[in-house]
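Please read the points below with the model open beside you. Each one takes up a single topic.

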Amino acid sequence: PIHPYAVWKYLKEGYGVDISVKTVYLHVRKLEEMGLVERVAVDSSGRLRVMYAATDMGYELLQHTYQG
């Protein structure tokens, strides 16, 4: 599971992708609507955070797309 902000930070620092945090949240929401990711509630330091994880369908799509 990963928080959308962490995705944004990873893209920015790891790959130099210039995208807004809001845009990442919008894309994550769209992926959720498509059934490719799902919300996972994680208790972090005594507070509940909404994180996202790939669904089985999301994993299958990744494997099919990046099969090499």
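1. Salt bridge. The count comes to one salt bridge, where the term stands for a side-chain nitrogen of Lys or Arg within 4 Å of a carboxyl oxygen of Asp or Glu. The side chains of Glu-32 and Arg-39 make this contact, at 3.0 Å from N to O. Glu-32 is partly exposed, with a relative accessible area of 24%, whereas Arg-39 is exposed, at 51%.

2. Basis of the values. This is a predicted model, in which local features need pLDDT of at least 70 and side-chain atom pairs count only at pLDDT 80 or more, while totals for chains, interfaces and linings use all residues. Residues are numbered from 1 along each chain as its sequence is written, and side-chain values use heavy atoms, with hydrogens and water left out.

3. Aromatic pairs. There are two aromatic pairs; rings of Phe, Tyr and Trp (its six-membered ring) pair if their centres lie within 6.5 Å, and planes under 30 degrees apart count as stacked, over 60 as edge-to-face and the rest as tilted. Tyr-5 and Trp-8 form a tilted pair, 5.3 Å centre to centre with 40° between the planes. Because Tyr-5 and Trp-8 are three residues apart in helix α1, about one helical turn separates them. (Helices, H or I with at least four residues, and strands, E with at least two, are DSSP runs numbered from the N terminus.) Tyr-5 counts as partly exposed at 41% relative accessibility, and Trp-8 is buried at 15%. Tyr-10 and Tyr-15 form an edge-to-face pair, 5.6 Å centre to centre with 70° between the planes.

4. Surface patch. Which residues make the nonpolar surface patch of about 350 Å²? They are Tyr-10, Tyr-15 and Val-17. A patch is made of residues with over 30% relative accessible area and no salt bridge, with like charges joined within 9 Å and nonpolar side chains (Val, Leu, Ile, Met, Phe, Trp, Tyr) within 5 Å. Accessible areas come from the Shrake-Rupley method with a 1.4 Å probe, and for residues only the protein chains shown count as cover. Tyr-15 lies in helix α1, residues 4-15. Tyr-10 is exposed at 52% relative accessibility, and Tyr-15 is exposed at 59%.

5. Largest pocket. The largest pocket has a volume of about 420 Å³. Of the 18 residues that line this pocket, the closest to its centre are Ile-2, Val-7, Val-28, Leu-31 and Val-37. Two or more lining residues come from each of α1, α2 (21-33), β2 (47-54) and α3 (56-65). The largest share of the lining, four residues, is given by α2. On a 1 Å grid over the protein atoms alone, a pocket is an open set of points where a 1.4 Å probe fits, with protein on both sides within 12 Å along at least five of seven lines; lining residues have an atom within 4 Å of a point. Grid points are joined across faces, edges and corners, and the volume is the space filled by probe spheres set on them.

6. Sequence and space. Ala-53 is in strand β2 and counts as buried at 18% relative accessibility. The C-alpha atoms of Ala-53 and Pro-1 are separated by 4.5 Å, although the two are 52 residues apart along the chain. Lys-9, in helix α1, is partly exposed at 39%. Lys-9 and Ala-54 are 45 residues apart in sequence and 19 Å apart in space, C-alpha to C-alpha.

Key: Buried < 20%, exposed > 50% of the residue type's maximum accessible area, 1.4 Å probe, protein only.
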